[in-house]
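Hi everyone, thanks for coming. Please have a look at the sequence and the structure on the screen, and then we'll walk through a few places in it together.

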Amino acid sequence: MRILHVLNHTQRLNGHVHAAVDLACAQVGQGHDVCVASGGGDFDGLLKRKGVHTVLVDHKRSFPNLAKALVHLRSHVRSFRADVVHAHMMTSAVLAFPVCRMSGIPLITTVHNEFEKSATLMGLGTRVIAVSDVVGASMQRRGVPPSRLCVVLNGTIGSARSDGRSEEPAPLVSPSILFVGGLHPRKGLPDLMEALEIVHRSNPNVHLYIVGDGPHRDAYKNMASQLACAKAITFVGPTTDPYPYMLGADIFVLPSHADPAPLVLSEAREARCAVIGTQVDGIPQLLEHGDAGILVPPHDPSALAEALIQIVETPGKIEEWKARSQLRIDHLTIDRVARETMQVYVSALASRSTADAGKVKHSNLA
């Protein structure tokens, strides 16, 4: 199959970009001809090495530029002879919709950031992929009928991004707690720092490592400096490969307030961390609803602290939850994501063929 993915850019530190890049590379590995049309970025080199074609479509949001992007995208769809177009972001979906209509080919959209109001526009797809069950239910409430909606749970294990990564664990002070994510309110990092303040009173050897960057970095550093446990918090900063930190960590914590299906949980489980996450969006599904990781309420530092204290102070608990992180982990592979996505494409092509046949029949009757 000839597949054209459309996304705003291919920069790192963006979860939906990682998911799209992983999928494109896996599809080439499964024998398909794949192209990525985007504004370009960090992953273009990886895509080319894996045999994914790349073309430039500037997604800057100004009317003159989007008009040019529409023309460029239509040209790329024609020259590549795409069977399907797969859009991963709102601007991409809006650009691809008229192109697919004019070209008579299916548009597939993936809802990566359901918490954004603009996610409703992803309903433009012939088929709409939700990255978790909760996201699927949300899109149904927004008016996408079940007949056009499919759930393909995120997974990263075996992805092209992991090729050549270091398998050497980072030297972390044990017992170690790790956070990996963007430094902005949605990820709930202040809750984790407040929880550490409670944990540190009875467990002064516990250390928190924060990997990532974002607009609230300085504010969070200042917040940490005011805590009694300030010396037990290390801001690592951004890194192109957080996996060694996961390999070196005892406990991975994701205290998000909203998170449709965070890829980082798949990676933390692959690294065999004991995992704690909040009961929001796709996190419970990625943790096997509590079988593969501990679930706590969001916005609740006390509950998070209680879970941390229990796992740190009870002999054998860390190893128990590290082992439990491996339950049904085979479901989190990128190959499974690619196979299920292909089933969505086939369904969309079949529906388009049926619709075309219906038009021909109606025309003959007329």
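Let's start with a count: how many disulfides are there by the distance rule? A disulfide is a covalent bond between the sulfur atoms of two cysteines. The rule asks for a pair of cysteine sulfur atoms within 2.5 Å, and by that rule the count comes to 0 disulfides.

Before I go on, a word on where this comes from: it is a predicted model, where local features need pLDDT of at least 70, side-chain atom pairs count only at pLDDT 80 or more, and totals for chains, interfaces and linings use all residues. Residues are numbered from 1 along each chain as its sequence is written, and side-chain values use heavy atoms, with hydrogens and water left out.

Back to the cysteines. For Cys100, the closest cysteine sulfur is in Cys35, 13 Å away, and that is too far for a bond. Cys150 has its closest cysteine sulfur in Cys100, at 16 Å, again too far for a bond. Cys100 is also buried, with a relative accessible area of 3%. Buried means under 20% relative accessible area, exposed means over 50%, and partly exposed is in between, using a 1.4 Å probe and protein chains only.

Now two loop residues. Find Phe43, in the loop between strand S2 (33–38) and helix H2 (44–49). Helices (H or I, at least four residues) and strands (E, at least two) are DSSP runs, numbered from the N terminus. Is Phe43 buried or exposed? Phe43 is buried, with a relative accessible area of 2%. Not counting residues up to four places away in sequence, Phe43 touches Thr10, Gln11, Arg12, Val17, His18, Val21 and Arg161; contact here means heavy atoms within 4.5 Å. Val17 is 26 residues from Phe43 along the chain, and their C-alpha atoms are separated by 8.8 Å.

The other one is Thr126, in the loop between strand S5 (107–111) and strand S6 (127–130). Thr126 is buried too, at 16% relative accessible area. Leaving aside neighbours within four places in sequence, the contacts of Thr126 include Pro106, Arg148 and Ala348.

Last stop: two helices. The axes of H6 (residues 189–202) and H11 (residues 301–313) come within 8 Å and cross at roughly 45 degrees. Axes are lines fitted to C-alpha atoms, for helices over the stretch in contact, with angles from 0 to 180 degrees between N-to-C directions. H6 and H11 are therefore oblique to each other: under 35 degrees is roughly parallel, over 145 roughly antiparallel, 65 to 115 roughly perpendicular, and the rest oblique.
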